[in-house]
Amino acid sequence: MKIIDRHIGVGVFVTTLLGVAVLSLALVLGNVFRELLDLMINKNLPMSAVFAFILIVLPFPLTFTIPWAFLASTLLIFGRLSADHELVALQACGVSVLRLCVPVFLLSVALSGLCLWINVEAAPRAEQKMLTALRDFATRSPMAVFRPGEVVDQFPRRRIYVGGKEGDWLTNIIIFETNGADFPTRMIFAEEATLSRDTSIAGWRLHLYSARFEERDPADPANIEKIRPGVSFREGTSLLGPDKMVGETYRRQQALSAQTLPELSKFIAEGAGGDLSKATVEYHRRFSLAFACVAFALVGVPMGITVHRKETSIGFGISLVAAFAYFLLILLAQTFQSNPQAHPLFLIWLPNILFGLLGVILFFRLSRRG
């Protein structure tokens with residue numbers, strides 16, 4: 001049995017490892033180069049920074065690619081065993097299907113432990129480093145933050161829309177100045193703008209050309225009837241804030257996913273800033289996703305045997321459908337994470353429950369068929 005266990009275990013592990021490498025690189029490289037291509041071309045961003053950024057974001061897709069690759073490898077290995085009639089030979093020798101699954105289940109537990117560590121420690125730390133890198137980059141070269149057709153919200157009490165960008169010039173700029181409640185109180189429209197460093201405040205200023213502004217009533221900013229049109233000016237400036245304020249904005253934007261498990265537990269114990277349901281769902285999400293490998297092991301083995309095909313495309317296609325269904329349910333639970341009436345905690349564990357029950361049913365039918 002040791003030879004059989006080693007044959008199945010090594011086969012599933014190696015195939016999973018290859019699948020994780022391919023899927024992770026496809027997801028990471030595609031997104032990273034899409035985001036950094038403009039910086040590499042126009043801002044001479046060094047390749048060392050690109051590779052460093054890839055290493056930072058690498059843990060994020062592993063939560064999804066490890067279970068997906070494990071499911072695909074399980075389907076492929078057991079589909080091949082079934083198609084080549086090796087299972088029939090082993091059963092004739094008195095080896096049951098459940099006994100053959102021992103190395104797969106042990107590997108699923110090990111991979112679940114790895115996913116749990118990624119969810120509770122590695123991914124939050126990586127996100128913190130990514131936010132820090134973005135904050136440092138924004139304070140050193142904020143011009144790179146402005147992208148045509150997007151709203152920039154990294155600067156304190158500013159929402160800046162840029163229609164176009166030509167070299168060091170920005171065109172069709174709209175600046176929304178907000179109050180403490182993040183509500184717009186003044187809007188500035190400018191045809192062109194440039195950015196310059198203000199050493200007196202260790203920050204940045206936006207030089208506006210051919211601009212005009214509108215102002216809302218500070219006592220009633222929601223009332224559009226009280227908007228007061230302001231003056232027009234050929235040239236003016238708008239202070240974007242000192243570097244330390246920009247950094248503080250990034251720290252305030254730190255999401256729940258950027259908190260390690262102890263930090264998240266403390267945040268929940270302190271009331272979660274009024275978002276207790278959202279924080280609790282995030283807490284349970286990390287554990288629920290970690291058990292995806294176990295759930296996929298329960299489903300993958302009987303499905304691989306039942307499908308009775310050894311083609312890689314068939315196994316990958318089935319794994320794609322199953323993984324899509326699983327992670328779609330997870331995303332659905334996150335959609336309702338701020339709505340306690342929708343029972344988001346039950347929804348976040350529902351994929352594991354459904355896949356576990358489906359796996360038990362498939363194993364039961366497989367045992368009766370055998």
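Here are some friendly notes on the side-chain pairings and surface features of this predicted model.

1. Helix α1 covers residues 2-42, and Phe-13 is found in it. Together with Val-10, Val-14, Leu-17 and Leu-18, Phe-13 makes a nonpolar surface patch of about 460 Å². The relative accessible area of Phe-13 is 41%, so this residue is classed as partly exposed.

2. Next come the aromatic residues, with ten aromatic pairs in the structure. One of them joins Phe-291 to Trp-349 in a tilted arrangement, with 6.2 Å from centre to centre and 50° between the planes. Phe-291 lies in the loop between α9 (276-290) and α10 (292-307), while Trp-349 lies in helix α12 (residues 344-369), so this pair ties together parts that are 58 residues apart in sequence. Both partners are partly exposed: Phe-291 has a relative accessible area of 41%, and Trp-349 has one of 26%.

3. Please also look at Phe-296 and Phe-327, an edge-to-face pair with 6.4 Å between centres and 90° between the planes. Phe-296 belongs to helix α10 and Phe-327 to helix α11 (residues 312-335), so parts that are 31 residues apart in sequence are tied together by the pair. Both of these phenylalanines are buried. They also belong to a cluster linked by ring pairs, whose other members are Phe-64, Tyr-326 and Phe-355.

4. Which residues does Leu-298 contact, leaving aside its neighbours within four places in sequence? They are Phe-105, Gly-356, Gly-359 and Phe-363. Leu-298 is found in helix α10, and its relative accessibility of 23% makes it partly exposed. The C-alpha atoms of Leu-298 and Phe-363 are separated by 8.0 Å, although the two residues are 65 residues apart along the chain.

5. Turning to charges, the structure holds five salt bridges. In one of them, Glu-215 is joined to Arg-186, with the closest N and O atoms 3.3 Å apart. Glu-215 lies in strand β5 (residues 203-215) and Arg-186 in strand β4 (residues 184-198), so the bridge ties together parts that are 29 residues apart in sequence. Glu-215 is partly exposed at 24% relative accessible area, and Arg-186 is likewise partly exposed at 26%.

6. Arg-212 deserves a point of its own. The side chain of Arg-212 meets that of Glu-214 in a salt bridge, at 3.8 Å from N to O. The charged end of Arg-212 also sits over the ring of Phe-189, 4.6 Å from the ring centre. Arg-212 has a relative accessible area of 40% and is therefore partly exposed; Glu-214, at 23%, is partly exposed too.

7. Because Arg-285 and Glu-282 are three residues apart in helix α9, about one helical turn separates them. Arg-286 joins these two residues in a network of salt bridges.

Conventions
Residues numbered from 1 in each chain as written. Predicted model: local features only at pLDDT ≥ 70, side-chain atom pairs only at ≥ 80, totals over all residues. Heavy atoms only, no water. Patch = residues over 30% accessible without salt bridge, like charges linked within 9 Å, V, L, I, M, F, W, Y side chains within 5 Å. Areas by Shrake-Rupley, 256 points an atom, 1.4 Å probe, with all protein chains shown as cover. Salt bridge = Lys/Arg side-chain N within 4 Å of Asp/Glu carboxyl O. Helix = DSSP H or I, 4+ residues; strand = E, 2+ residues; numbered from the N terminus. Buried < 20%, exposed > 50% of the residue type's maximum accessible area, 1.4 Å probe, protein only. Phe/Tyr/Trp six-rings, centres within 6.5 Å; stacked < 30°, edge-to-face > 60°. Lys NZ or Arg CZ within 6 Å of the ring centre and 35° of its normal. Contact = heavy atoms within 4.5 Å.
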